[in-house]
Amino acid sequence: MIRVAIIDDHVVVRAGLRYIIEADPELEYVGEYGGGLGAADFVMFHNPDVVLLDVRMPDRSGIDALKDILAANPKARVVMLTTSDAEEDVFRAIEEGALGYVMKESELEVISAAVRSAMAGEVYMTDEVRKIYETRKGSKGLSAREAQVIKVAATGANNKEIAKEMGLSENSVKMFLKRAFFKLGASNRAEAVQLAVKRGLID
């Protein structure tokens with residue numbers, strides 16, 4: 001039996017995942033938790049074989065919860081189960097040590113397969129998610145400053161206003177925007193904001 005725990009902030013989602021686990025004779029449900037804060041303590045207490053962990057949670061992101069869990073137990077097997085297919089979410093989850101990344105709307109067999117794959121120590125991704133991961137891995141991410149400039153630009157601020165808010169010179173703002181445009185493959189700030197949001201680089 002593979003002992004499985006669930007960490008997700010939505011009660012309905014947890015109920016659905018529990019149903020999937022209990023319907024599979026090779027899986028055993030061992031508990032559920034409703035947030036990212038305290039997730040590592042929950043995992044240490046229940047000691048499941050595999051954890052199904054949501055990426056997007058309001059109190060602490062699933063990526064940060066993943067890091068907490070692996071810091072407490074480097075051998076923990078975690079599968080990210082989410083509605084987000086943003087490039088940055090997929091990339092960071094796998095790079096931080098998740099053993100799978102599966103969309104919540106996937107077929108029941110896909111979720112069960114991800115659990116079994118994680119138990120074997122293998123990374124599970126559907127073809128669609130693998131393509132997203134490989135695309136992001138082959139591209140350049142934004143630096144913290146570049147992402148911040150794009151995020152402020154998304155509010156409609158001009159270069160002077162961005163410079164004032166961030167404590168930078170206008171020339172520095174122009175430089176960060178130029179670099180961000182290049183990395184994102186954008187020709188203007190509206191397109192850059194759109195692409196940054198789509199890829200999960202900014203909220």
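Predicted model: local features only at pLDDT ≥ 70, side-chain atom pairs only at ≥ 80, totals over all residues.
Begin by selecting Arg116 and Asp24, whose side chains meet in a salt bridge with an N to O distance of 2.9 Å.

With the pair still selected, turn to the surroundings of each partner. Asp24 has a relative accessibility of 11%, and because buried means under 20%, Asp24 counts as buried. Arg116, at 29% relative accessibility, counts as partly exposed. Side chains of opposite charge can pair when their charged atoms come close.

How many salt bridges does the structure hold? There are 10 salt bridges in the structure, and the next stops visit others among them.

Select Asp54 and Lys104 next, where the side chains form a salt bridge at 3.4 Å, N to O. Asp54 lies in the loop between strand E3 (50-53) and helix H3 (62-72), and Lys104 lies in the loop between strand E5 (100-103) and H5, so this pair ties together parts that are 50 residues apart in sequence. Asp54 is buried, with a relative accessible area of 3%.

Then move to Asp89 and Arg56, whose side chains meet in a salt bridge of 2.6 Å, again N to O. Since Asp89 lies in helix H4 (residues 87-95) and Arg56 in the loop between E3 and H3, the pair ties together parts that are 33 residues apart in sequence.

H5 has 12 residues and reaches 17 Å from its first C-alpha to its last, which is close to the 16 Å expected at 1.5 Å a residue. Which residues of H5 are buried? Colour Val110, Ile111, Ser112, Ala114, Val115, Ser117 and Ala118, which are the buried residues of this helix. An α-helix has 3.6 residues a turn, so residues three or four places apart point the same way. Finally, step past the helix to Gly121, which follows H5 and has a positive phi, near 80°.

Notes:
Residues numbered from 1 in each chain as written. Heavy atoms only, no water. Salt bridge = Lys/Arg side-chain N within 4 Å of Asp/Glu carboxyl O. Buried < 20%, exposed > 50% of the residue type's maximum accessible area, 1.4 Å probe, protein only. Helix = DSSP H or I, 4+ residues; strand = E, 2+ residues; numbered from the N terminus. Expected span 1.5 Å × (residues − 1).
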